[in-house]
Amino acid sequence: MGLLDGKKALIFGVANDHSIAWGIAEQLHAQGATLGFASVESLLERRVRPLAESIGSTFVEACDVSSDDQLRDVMAKWKAAEGTIDILVHAVAYAPREDLEGSFTNTTRAGFAVAMDVSAYSLVAMCREANAAGLLHAGTSVITLSYYGAEKVVANYNVMGVAKAALEACVRYLAADLGPGGVRVNAISAGPVRTLSASGVRDFRKLYGTFAGIAPLRSNISAEDCGKTAVWLASDLSSAVTGETIYVDGGFNVMGVPLIE
Ligand code: NAD
């Protein structure tokens with residue numbers, strides 16, 4: 001008996017087996033959920049389909065989340081295949097590499113716009129298209145991924161911190177909007193995990209390397225840790241939790257002035 005037996009999950013954002021989305025997929029699968037995947041086209045055949053097939057999943061579709069048409073298309077295909085969404089995972093973010101280093105003041109207008117569009121607005125568009133397709137229902141759990149840089153200044157995170165702040169605000173507004181229909185919307189704010197996206201943040205290795213010395217639990221976190229919290233958010237165990245940002249960071253965010261040994 002799994003906690004998610006009979007539930008259907010659509011997951012956006014698997015790039016490879018290091019992706020947080022994949023860590024979440026593995027945990028949802030382990031608890032009995034049926035999974036489908038939407039990722040950018042260039043990753044689909046070489047990376048995403050083999051992973052999906054390894055857990056018996058055949059729904060693998062291309063989707064650029066900055067396109068309403070592509071989001072609509074994926075939702076229509078999911079509707080035809082599965083009829084409903086019980087768990088919607090948004091694990092997608094992007095900002096131009098040059099905007100993830102140096103002076104925040106020099107963030108370009110174009111870089112700001114694309115970071116906001118892909119990393120924050122896409123959650124709104126995803127929920128809207130899923131709702132318009134009649135896929136959301138009382139009990140659906142929507143889960144996105146955020147980071148501490150939304151709240152405090154993290155070196156080089158720059159425009160992505162602003163986009164994550166917007167994303168967390170979107171989570172609250174979507175929770176208020178969709179809550180009367182029984183749909184819950186929450187964010188997992190993860191500690192640093194070595195992924196493709198993370199490698200785009202300058203000096204990420206340093207940030208990753210000092211994390212365990214500061215976090216109360218004295219270790220780095222994994223995509224699997226995010227997956228386990230996602231299981232809780234996806235399941236009935238979190239039935240009264242919505243609009244929240246849940247930290248999966250070994251307690252890093254509660255620290256003020258640590259002594260680094
Ligand atoms: P990842 O590179 O494995 O995943 C990011 C995904 O976003 C990729 O699959 C990429 O293809 C997708 N993406 C980018 N632009 C897209 C677009 N226009 N349309 C569709 N998909 C697009 O990296 P990850 O670290 O697993 O990132 C997943 C989420 O977790 C992101 O929101 C990220 O900000 C967040 N997060 C990551 C960390 C970390 O340290 N790795 C920490 C906290 C939060």
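Predicted model: local features only at pLDDT ≥ 70, side-chain atom pairs only at ≥ 80, totals over all residues.
Six elements each give at least two residues to the lining of the largest pocket: helix 1 (20–30), strand 2 (34–39), helix 2 (41–54), strand 5 (141–146), helix 5 (158–178) and helix 6 (204–214).

Rolling a probe the size of a water molecule over the atoms shows where empty space is left. The largest pocket has a volume of about 1,100 Å³. Its lining is made up of 44 residues. Those nearest the centre of the largest pocket are Val92, Ala93, Tyr94, Ser197 and Ala198. By type, the lining of this pocket consists of 30 nonpolar, 11 polar and 3 charged residues.

What sits in the largest pocket? The ligand does. Around the ligand there are 28 residues, and the closest of them are Ser19, Lys164, Val193, Thr195 and Ser197. The shell around the ligand divides into 20 nonpolar, 6 polar and 2 charged residues.

Some individual contacts can be located by atom. At Gly13, a polar backbone atom is 2.9 Å from an oxygen atom of the ligand. At Val65, a polar backbone atom is 2.8 Å from a nitrogen atom of the ligand. How much of the ligand's accessible area does the protein cover? On its own the ligand has 820 Å² of accessible area, and the protein covers 91% of it.

The second largest pocket has a volume of about 290 Å³. It is lined by 21 residues, and Tyr147, Val154, Ala155, Leu207 and Phe252 lie nearest its centre. Which element gives the most? Helix 6 does, with 5 residues. Helix 6 also supplies at least two residues of the lining of the largest pocket, and a reader can follow this helix from one pocket to the other. In the second largest pocket, the lining residues divide into 12 nonpolar, 4 polar and 5 charged.

Key: Residues numbered from 1 in each chain as written. Heavy atoms only, no water. 1 Å grid on protein atoms, 1.4 Å probe; cavity = no way out; pocket = protein on both sides within 12 Å on 5 of 7 lines; lining within 4 Å. Points joined across faces, edges and corners; volume = space filled by probe spheres on them. Helix = DSSP H or I, 4+ residues; strand = E, 2+ residues; numbered from the N terminus. Nonpolar A, V, L, I, M, F, W, Y, C, P; charged D, E, K, R; others polar. Near = heavy atom within 4 Å. Polar contact = N/O pair within 3.5 Å; in protein donor to acceptor, adjacent residues only side chain to side chain. Areas by Shrake-Rupley, 256 points an atom, 1.4 Å probe, with all protein chains shown as cover. Sits in = over half its atoms within 2 Å of the grid points.
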